[in-house]
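Good morning, and thank you for the time on the agenda.

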Amino acid sequence: MVKIGSIINGRERLDEGRETLDVLNPYNQEKIAGVKLATKSDLNEAIENSYEKFHHDMKAMPAHERADILRKTADLLIERSEEFAEVISKEAGKPIKYSRGEVERAMQVLRFASEGAKHITGEVIPMDAAIGGQHRMGFVKREPLGVVGAITPFNFPLNLSLHKLAPAIAAGNTVVFKPAEKTPVSAYMLVKLFEEAGLPAGFINLVIGSGEEVGAPLVEHDKVHKISFTGSLPVGKNIMENAGFKKVTLELGSNSPNIVFNDADLEQATTELVKGAFAFSGQVCISAQRIYVQNDVYDEFLSNYVQKTEVLQIGDPIKEDTDIGPMINEDEAKRAKQWIDDAVQNGAEVKVGGERESTILMPTIMTNVKKNMKIIAEEVFAPIVSVIPFHTEEEAVQRSNDSIYGLQAGVFTKDINRAMRVADRLEMGGVWINEISTYRQDNHPYGGVKQSGVGREGVKYAIEDMTEMKFIGMKIDQG
Ligand SMILES: NC(=O)c1ccc[n+]([C@@H]2O[C@H](COP(=O)([O-])OP(=O)(O)OC[C@H]3O[C@@H](n4cnc5c(N)ncnc54)[C@H](O)[C@@H]3O)[C@@H](O)[C@H]2O)c1
Ligand SMILES: O=C[C@H](O)CS(=O)(=O)O
């Protein structure tokens, strides 16, 4: 079993005496790593070091060098892609085909950031547009913020970490990185990869510990200039309350709706929505949770959808043909099963699935659901999807918007006018037409409205958010 620890100023903290956390494979409970957890004093040291490194070394590093390091990290990741995919499958329980997809996306994030590092530009202000402003020149340049605190979740442990680390480095910041303690191994390997690619010690300090012990004090620390967080709504609220004057980006949860109109390609919609609801056991923030289907195609959609769900392969995530693996731990599987049982007690019907065995919850399709059931109103974050009939466009929009969340939605129709009308009216950070809510590319703006979050990621937008504008003006003597 591999032993890992936090990495601060290039030195790994493995000394005995620290509390050890075992990282378990959620499928078979095999121990895959022992982590020496960081303490509050490690965190303080990491922040002080990142602060120091920002002011003395990072500020001196030109953009082309940052771009080269990001590019080199991408190249190394591709060389080691299978190793990374296997670790993600083992620590998160993600089916290997999806882990491979995550690694490929992570490599692209690094490449986008490498390109972005060279295109951080400013603006010339037309000073004479203001009365009395003539004979002045003014421009805006974008400067790095300083120390970025990156706090990440378990479900995309590599790619969602890179959505913070890569833009932060591209923009010239240093980072204190607190990965999810459930999945720290790929995060550790990533920090080692940056080091191998030439990133100087202390530019990314890795601090592995719990949310309470190191996450919360990282959020509160005065020498941290921005918190970039991806995770659950309760933790996001807590961060918002405690971050003080820092910039904050929050990428939070959702109960994403997908609307299927009667003119949609049902073959395509059902095939894609099986992946959309059940990929990585629904533990995806934009997972299809509520599917609204127009009443005249509802029966056809449902029977087709059930058939395609019944043939999913369930089992060991490391096997090539596995579609559905475990949830992250048994408590989460039990919590999700309880939500199904509560809904059934209140009149809902299980069309397929509904059973739990250890950490595995069978892919579950529910009908006859009501809007106040947890499986509809809250983020289910499990392989559970509800199929709900609707009559009119108005009703589909109104029901989709009836949520505290607003991250991404999917709309299936061949009518372009209807598609655009609905896209305009959906209260979401993003809307896909003839694509599932679960689809994301790493170069478009991504983030939520309502309680799904604050700010946007997507490499170009995150780089912008990792900088601050500085205005410089000059009065020109007319001689
Ligand atoms: N919108 C997005 O882009 C996006 C992407 C992935 C996951 N998510 C959301 O993440 C959640 C699942 O991930 P999770 O279970 O790892 O989330 P989580 O909120 O439990 O944990 C996320 C991170 O926050 C840390 N943390 C916990 N308490 C903290 C505190 N008080 N202060 C600071 N940090 C603290 C954790 O240790 C972990 O590193 C779901 O709600 C999902 O929707 C959102
Ligand atoms: O879990 C939510 C993630 O944002 C999904 S993705 O990794 O961005 O596709």
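Let me begin with helix H5, which is mostly covered: twelve of its twelve residues are buried. Among them are His 163 and Lys 164, together with Leu 160, Pro 167 and Ile 169. Please keep in mind throughout that this is a predicted model. Helix H5 runs over residues 159–170, and from its first C-alpha to its last it reaches 16 Å, close to the 16 Å expected at 1.5 Å a residue. After H5 comes Gly 172, with a positive phi near 90°.

Helix H6, residues 184–196, can be described in the same terms. Ten of its 13 residues are buried, so H6 too is mostly covered. The buried residues of H6 include Pro 184, Tyr 188, Met 189 and Phe 194. At 1.5 Å a residue, H6 should span 18 Å, and its end C-alpha atoms are 19 Å apart, which agrees. H6 is followed by Gly 198, whose phi is positive and near 110°.

I turn now to the ligands, starting with ligand 1. Which residues come nearest to ligand 1? Of the 27 residues around ligand 1, they are Thr 152, Glu 181, Ser 232, Leu 252 and Glu 379. Several polar contacts can be listed. A polar side-chain atom of Ser 232 lies 2.6 Å from an oxygen atom of ligand 1, and for a polar side-chain atom of Glu 181 the distance to a ligand 1 oxygen is 2.7 Å. Phe 154 takes part through its backbone, where a polar atom is 3.2 Å from an oxygen atom of ligand 1. On its own, ligand 1 has 850 Å² of accessible area, and the protein covers 90% of it. Two elements give two or more residues to this shell: helix H7 (211–220) and strand E10 (226–230). H7 supplies the largest share, three residues. By class, the shell has 14 nonpolar, eight polar and five charged residues.

Next, ligand 2. It is surrounded by Arg 105, Asn 155, Phe 156, Leu 160, Val 284, Cys 285, Arg 440 and Tyr 446. Leu 160 takes us back to H5, where it is one of the buried residues. Oxygen atoms of ligand 2 lie 2.8 Å from a polar side-chain atom of Arg 105, 2.7 Å from a backbone N or O atom of Cys 285, and 2.9 Å from an N or O atom in the side chain of Tyr 446. Taken alone, ligand 2 exposes 280 Å², of which the protein buries 97%. Ligand 2 also lies between domain 1 and domain 2, because both give residues to its shell.

Finally, two backbone details. Gln 29 is not a glycine, yet it has a positive phi of about 65°. Gln 29 sits in the loop between strand E3 (20–24) and strand E4 (31–36). Phe 381, likewise not a glycine, has a positive phi of about 45°, and is found in the loop between helix H12 (374–377) and strand E18 (384–390). Are these residues buried or exposed? Gln 29 is partly exposed, with a relative accessible area of 39%, whereas Phe 381 is buried, at 16%.

Conventions. Residues are numbered from 1 along each chain as its sequence is written. Chains are lettered from A and ligands numbered from 1 in the order in which they are written. This is a predicted model: local features need pLDDT of at least 70, side-chain atom pairs count only at pLDDT 80 or more; totals for chains, interfaces and linings use all residues. Side-chain values use heavy atoms; hydrogens and water are left out. Helices (H or I, at least four residues) and strands (E, at least two) are DSSP runs, numbered from the N terminus. Buried means under 20% relative accessible area, exposed over 50%, partly exposed in between (1.4 Å probe, protein chains only). A residue is near a molecule or strand if one of its heavy atoms lies within 4 Å of it. A polar contact is a pair of N or O atoms within 3.5 Å; within protein, one must be able to donate a hydrogen and the other to accept it, and residues adjacent in sequence count only if both atoms are side-chain atoms. Accessible areas come from the Shrake-Rupley method with a 1.4 Å probe; for residues, only the protein chains shown count as cover. Domain bounds come from an automatic or database domain assignment. The expected span of a helix is 1.5 Å times one less than its number of residues. Ala, Val, Leu, Ile, Met, Phe, Trp, Tyr, Cys and Pro count as nonpolar, Asp, Glu, Lys and Arg as charged, and the others, Gly among them, as polar.
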